[in-house]
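User: I'd like to learn how to read a sheet and a cavity in a model. Can you walk me through it?

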Amino acid sequence: MKNTACDILILGGGPVGLACAAWTLQKHPEARLTLLDRNSRNDQDLGSADTRGIALSHGSKLLLDTIGAWPTDSAPIHQVHVSQAGRFGRALMTREELKQDALGHIVRYRDIHLALRNALRTLQQNSQNFSWEHIDAAGVAPTIEANCIVHAEGGLFKTQDWVESGRDYGQAALVGLVEVETATAHMAWERFTSEGPLALLPSHYGSNILNLVWCGFPDSTKKRLALKDAEFLSALESEFGTRIGRFLKIQDRRFYDLGLNYRKQIHQGNAVWIGNAAQTLHPVAGQGLNLGLRDAYLLSEKLSGVFARSAQGASAQAIEHALSEYAQSRQVDRKATIGLTDMMARVFTSHLIPVVLARGLALTALQWLPPVKTALARQMMFGRR
């Protein structure tokens, strides 16, 4: 078994761990950094892996552009239409209102993963002290001693080996790709049904091929997963309506449990937790990976700063102080993003008449109060510092 030592050890080779390594090396190429990755050294396995469409904010795009990690295939969102099924209240957000190129982007998870791996390989060429270690086929990891440990192995809700705070929403998501009759290019739809949010999002396959995220009770979602294609499309059209014409084809249906896990303390001694290792969110507002990328970027600033100050390396006290400052700096953004996502996941599935009326009024107010709409959109696009 290989034994190594480093200043910074990042546990997890998913998008957040890769991004943290890349931004740290970009800022401090001499960093003695090791990335421990459970994925294969070869990209071939990832090329046919997770094809989910993931929502990335425009702020995340700007961050990923700094390391050349923006995927080639992506679908920009120019408008977002939000409504309730069978109830009053709707809101429309447009890129023109916010004076931005796009409100967000939909990218396949595997494409984000591969783009970040390629970006890190480019940075690796000028980073002689960087080591990219892979866990072997038998699941045996090398022994690595580190002055600072970054936990970036998150996993999905109900597959994580930690539960500190949060809630089980009693919901699951069915995701897939659906072909529709008359979609508007670059339009995203979020429709709140009696069981949860139903989202139709752009894809890079063309304006009539949309990413589907249909949230509902786990039993209902499992039944939908098992339906024949024609039955599924009929049920989907009945739930969503005919705003975009008929639903013609469905493919690549998958099932995911939904819930909230979050750590109250993301820093302890020389260790820190980021991304899904720090918080796992409901997909209702598409904020999970965006929050994780902001975690990674801001942590890289702290790590590169503290380890670049001395050729002999940072003291344990300096490392702990830097991580404490990082954790403090993330409180506002984490609290706002977790709180907003949790509120939307719960409020928009309530059947209480006062809540139903209140959310209809809230959507109507959102439409007619531009400052409120702008503040909400900017939180989702850029987070809060």
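Analyst: We'll take the sheet, then the helices on it, then the cavity. This is a predicted model, where local features need pLDDT of at least 70, side-chain atom pairs count only at pLDDT 80 or more, and totals for chains, interfaces and linings use all residues. Residues are numbered from 1 along each chain as its sequence is written, and side-chain values use heavy atoms, with hydrogens and water left out.

User: In what order do the eight strands of the open sheet sit?

Analyst: Strands of a sheet pair through backbone hydrogen bonds, parallel or antiparallel. Here the order is β6-β5-β11-β12-β13-β10-β14-β17, with mixed pairing (strands are DSSP E runs of at least two residues, helices H or I runs of at least four, numbered from the N terminus; pairing takes at least two DSSP bridges). β6 and β17 are at the edges with a single partner strand each, so one side of each has no neighbour in the sheet.

User: How many bridges join β11 to β12?

Analyst: Four, and the two strands run antiparallel; Arg191 has Leu198 in β12 as its bridge partner.

User: Which strands does helix α7 touch?

Analyst: α7 (residues 229-240) packs on the sheet, touching β10, β11, β12, β13 and β14 (contact is heavy atoms within 4.5 Å).

User: Which residues line the largest cavity?

Analyst: A cavity is a set of points on a 1 Å grid over the protein atoms alone where a 1.4 Å probe fits but cannot get out; lining residues have an atom within 4 Å of a point. The lining here is Gly53, Ile106, Val107, Arg108, Pro202, Ser203, His204, Tyr205 and Asn211. Strand β7 gives the largest share, three residues.

Conventions:
1 Å grid on protein atoms, 1.4 Å probe; cavity = no way out; pocket = protein on both sides within 12 Å on 5 of 7 lines; lining within 4 Å. Axes fitted to C-alpha atoms, helices over the stretch in contact; angles between N-to-C directions.
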